[in-house]
Structures are given as C-alpha cells and as structure tokens.
Amino acid sequence: MDYGRSERPTGAAPLPTAIKVLIAGGFGVGKTTMVGAVSETRPLRTEEVLTETGIGIDDLSGIEEKSTTTVAMDFGRITISDDLVLYLFGTPGQDRFWFVWDELALGALGAVVLADTRRLADCFPSIDYFEGRGTPFVVAVNCFEGARQFRLDEVQAALDLDPGVPVVLCDARKRESAKEVLITLLEHAMKLREARRRAAED
Amino acid sequence: MTGRGDSAEQEWVDDHAGPVVRPYAVTGGRARPVTGTFDLISLVTSTRTDVGSESGLGPEHVAIVGLCQRILSVAEIAAHLDLPVGTVRVLLGDLAARSLVQVREPRATTAGLPDEHVFEAVINGLRAL
Ligand SMILES: Nc1nc2c(ncn2[C@@H]2O[C@H](COP(=O)(O)OP(=O)(O)OP(=O)(O)O)[C@@H](O)[C@H]2O)c(=O)[nH]1
Ligand SMILES: [Mg+2]
C-alpha cells in the first residue's frame, strides 16, 4: 500500500515488473468468475476497438464497409510484491479475435484452460491455440452442478493432451481453488522452462 | 448478452455507440501515440502530482495523471476511464512526450519464459494470499 504518496521523486524506486497469465476456455465456462475469485478487486473490463478488416476477424457479414468491432477483455490484478504485479486476463471468445489472443499471449507466463465436462469440446480451440504457440497451460475442470463426474485421466484422454499437461479440478468461484490452479500452472511452466533450457543446451 | 434476439442486438449497439464515437474526439482522430508502444500491462506512474498549469492537455490527460499517482497498467487506466485501449495509448504517448508519466514496459516479451526466481516469487506470493 505505498502508492498514493503525494511526492514521488523521479527516479526514486523503480517501477515494478508486470507479468500476466491468461484464463481461457469456452463460452460461459467461468473465466470471469475465476479472474474475480483471486484478484484484489472485482474484475475490470477493457476494450479494444478494431477498425480494420483482414486482421483475423472471420465474420464481418452484415457490418458495413469501414467496420469497427469491439473486443472486451476482463482482467484482474494481484500485487505480488513491491516489484512484481501479476495480471490475469480472461480471453475473449474463441474462434474470433485471434488477433487479440496473440497480443494477450505474447509474454504470458502461461494459461489456464477452463473446461466444463458437459461440453468438453468447447475448450479444444483454446488447447490447440496454446499447444501451437508453445504457451505452457493447464486444464482446470470447473465443477458445475449436474455435471457427470469424470475421472481426470478420462478428461486427459478425451482432450488428447500431452501426458505432461496437468489436469485439475476446480471451483472457479472459490479463491483457494483458483489459487491452487494458478500455482499448478506456474509450477508446470517453471518445469517446462527448465526442460526447454536443458534441451537447448544439448 | 447471450441472446440472439432483436432486443439483445439492439442493446449491444446502444452499449457501444458511445465508446466508439467519443475516443475520436478525445484523441483528435489520432490512431497512434506520438511515442511509445504501451503494452496492456505496461506500468505507468505520474511524475507530477499536478498538471493543471500545463497547456494543451485535455481532461482525459489530466485524469490519467491523477489516476497514475498510484502505479497502474495501461489496461487498468483504460478500464477506469472507460476508454478503449487504443485511445489511452495515444493519450499516454502525449504524456510520455512531455515526461509527465514514467512507463515500465513488461519484461521482454520475446525472451521466452522469465527467470526461475520470477516464478518462485509468484508462487510464494500466491501461497501467501
Ligand atoms: N456451479 C458453478 N458455477 C460456476 C462456476 N464458475 C462459474 N460459474 C457460473 O457460471 C456462469 C458463467 O460464468 P462466467 O465467469 O461469466 O463465465 P465466462 O467464461 O467468463 O463467460 P463468457 O465471458 O461469457 O464466455 C456464472 O453464472 C457463474 O456464476 C463453478 O465453478 N461452479
Ligand atoms: Mg467472461
């Protein structure tokens, strides 16, 4: 809490470093809920207005000539320390807006792909995207009521995941649960980083 | 918002008519900042507490200087001002050109995953939440 001091001599304390993690998955799977559960404030919303065509927006039919498309992103903040701030970004709808995904994924430490066992296939595009980019990710199965209980290895097989990709259960509404998912992701990303570093040395 | 019916469609258009028109006026139609790139998570802090006497600044510039008395990301500034990120980037460029804000870009985005100590710090920070 040492913001808000009235005098800030220029060049005094260096600004913290910001890092980010993405929360992805199908429509209504609990992305915004998870961002809100672990962030220090309620989720904020920011918008990108895209004015050009041909930047990966697949369906502009019905919109006239020089169209603008608004892409909304939910995000939250966790201040880790005086020199580290973590941002969590919920990704905008899959299948559209890959342009915005590319911007979000650039420099991200990793991604959580939320899955709902009632419609597992909804998270395929997210998984394909992160696999394709080499972004470390974990799959978190959000436990909605009424969903048939799957074993995690069944989910792993159904999603055709690499054996190394962690699959965990979560309740996106609960802070502790969301925290655990993030910790699993960061531990996984750290391992991947080490493995890649070793592979590069060989 | 999930509906595909007429009323939902109508609402969507109304919601967005404002934010699309206003930014144009705010930036004088400029699409790009005069300086800087401004990632969504670039962190910004004001170098001054008061810019009332600076000429050539609009109310949104002044609002950013006010907000950034605490350290905020570009995304947070946009959310608080309810302006699209592109508009905020232009405004931040104006402020950076006058050295009224200091900006810290996120760690090199092309450098791959960060050092182990960054991961460890985040993991420990999360455990302590
Ligand atoms: N039972 C249960 N409900 C949940 C859980 N997570 C989210 N929900 C509910 O599911 C609904 C959708 O959650 P959101 O967080 O808005 O989902 P989203 O992925 O952000 O949705 P879009 O951004 O519209 O794609 C909300 O009504 C949540 O309260 C969960 O773990 N369990
Ligand atoms: Mg959402």
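The legends below describe close-up views of a ligand site and a chain interface in a predicted model.

Residues are numbered from 1 along each chain as its sequence is written, and chains are lettered from A and ligands numbered from 1 in the order in which they are written. In this predicted model local features need pLDDT of at least 70, side-chain atom pairs count only at pLDDT 80 or more, and totals for chains, interfaces and linings use all residues, while side-chain values use heavy atoms, with hydrogens and water left out.

**View 1. The shell of residues around ligand 1.** The shell holds 14 residues, of which Gly28(A), Lys31(A), Thr32(A), Thr33(A) and Asn142(A) come nearest; a residue is near a molecule if one of its heavy atoms lies within 4 Å of it. Helix α1 (residues 31–38) of chain A gives the most to this shell, with three residues, helices (H or I, at least four residues) and strands (E, at least two) being DSSP runs numbered from the N terminus. By class, the shell has five nonpolar, five polar and four charged residues, where Asp, Glu, Lys and Arg count as charged, Ala, Val, Leu, Ile, Met, Phe, Trp, Tyr, Cys and Pro as nonpolar, and the others, Gly among them, as polar.

**View 2. Polar atoms beside ligand 1.** An oxygen atom of ligand 1 is 3.1 Å from a polar backbone atom of Val29(A), and an oxygen atom of the ligand is 3.0 Å from an N or O atom in the side chain of Asp171(A). For a nitrogen atom of ligand 1, the distance to an N or O atom in the side chain of Arg173(A) is 3.4 Å. Ligand 1 taken alone exposes 650 Å², and the protein buries 68% of that, with accessible areas from the Shrake-Rupley method and a 1.4 Å probe.

**View 3. The interface of chain A and chain B.** In chain A 50 residues are in contact (heavy atoms within 4.5 Å) with 46 residues of chain B. Five salt bridges are found across the interface, a salt bridge being a side-chain nitrogen of Lys or Arg within 4 Å of a carboxyl oxygen of Asp or Glu. Arg193(A) forms a salt bridge with Asp115(B), and their closest N and O atoms are 3.8 Å apart. On the side of chain A that touches chain B, the largest share, eleven residues, comes from α5(A).

Methods: Polar contact = N/O pair within 3.5 Å; in protein donor to acceptor, adjacent residues only side chain to side chain.
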